[in-house]
Amino acid sequence: MYSFMAGGLFCASVGNILLVVCTATDYWVQYRIQGALAHQGLWRYCLAGKCYMQMENIAFWNATRAFMILSALSCFAGIITGILSFTHRSTFKKFNRSFAAGIMFFVSTLFVLLAMAVYTGVTVNFLGKRFGDWRFSWSYILSWVALLMTFFAGMFYMCAYRMHGCQGMAETR
């Protein structure tokens, strides 16, 4: 049970770091505009070596930003709950911290998936028609890796919860 929880904490910690890095960096897409290389993230865009804040209030950027921030926060809450699940003291009999941590990691995974679906759909439709030479960049790829890490963290904690439940049944017999 503890090995699943440790594996889940490792995956969640890496996933949370990746979520923060990919949300904060400016390399979600790269493209050429008037012969110059440009790249943009969720907060800024850079053209010809100079970066500018994205002042436009465009819904898909706001939705992607919000979902990525919510994902990082729920992953962090899952990490805290996961650390607390190593202690056996609980004020509630039916509350299992391993289960709660697993749910928080799955919620984080759902938020990343929603962010990526919104961003991918709009970017492919918008940039694909506007620019011929563009591609997704490393911040975008890190967010998909973060999705996998939070998902596996949830799976590890659900396995730990199931093992704890099986041990509890064996003790009552």
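The model is a predicted one, in which local features need pLDDT of at least 70 and side-chain atom pairs count only at pLDDT 80 or more, while totals for chains, interfaces and linings use all residues. Residues are numbered from 1 along each chain as its sequence is written, and side-chain values use heavy atoms, with hydrogens and water left out.

The chain has four helices and five strands, where helices (H or I, at least four residues) and strands (E, at least two) are DSSP runs numbered from the N terminus. Read from the N terminus on, these elements follow the order α-β-β-β-β-α-α-β-α. Of the 173 residues of the chain, 40% count as buried, a term that means under 20% relative accessible area, with exposed over 50% and partly exposed in between (1.4 Å probe, protein chains only). Among the contacts in the chain with a separation of 6 or more, 68% are accounted for by residues 24 or more positions apart, a contact being heavy atoms within 4.5 Å.

An unreviewed UniProt entry lists residues 66-87, 99-120 and 140-160 under "transmembrane region"; the positions are given in the numbering used here, feature names are shortened, and annotations may be inferred rather than shown by experiment. In the model, residues 66-87 are 86% helix and 0% strand, with end C-alpha atoms 33 Å apart, whereas residues 99-120 are 100% helix and 0% strand, with end C-alpha atoms 31 Å apart.

The axes of α2 and α3 come within 8 Å and cross at roughly 165°, where axes are lines fitted to C-alpha atoms, for helices over the stretch in contact, and angles run from 0 to 180 degrees between N-to-C directions. Helix α2 is therefore roughly antiparallel to α3, a description that applies to angles over 145 degrees.

The largest nonpolar core holds 32 residues, of which Leu-19, Trp-28, Met-68, Phe-105 and Tyr-119 touch the most other members; such a core is a set of buried Ala, Val, Leu, Ile, Met, Phe, Trp, Tyr and Cys residues joined through side-chain atoms within 4.5 Å. At least two residues of this core come from each of α1 (2-24), β1 (29-33), α2 (59-84), α3 (97-130) and α4 (138-172). When residues up to four places away in sequence are not counted, Met-68 touches Leu-19, Cys-22, Thr-23, Trp-28, Leu-42, Ala-115 and Ser-143.

Ser-98, found in helix α3, is buried, with a relative accessible area of 4%. With residues up to four places away in sequence again not counted, Ser-98 touches Met-5, Ser-85, Tyr-157 and Tyr-161.

Terms used: Angles under 35 degrees count as roughly parallel, over 145 as roughly antiparallel, 65 to 115 as roughly perpendicular and the rest as oblique.
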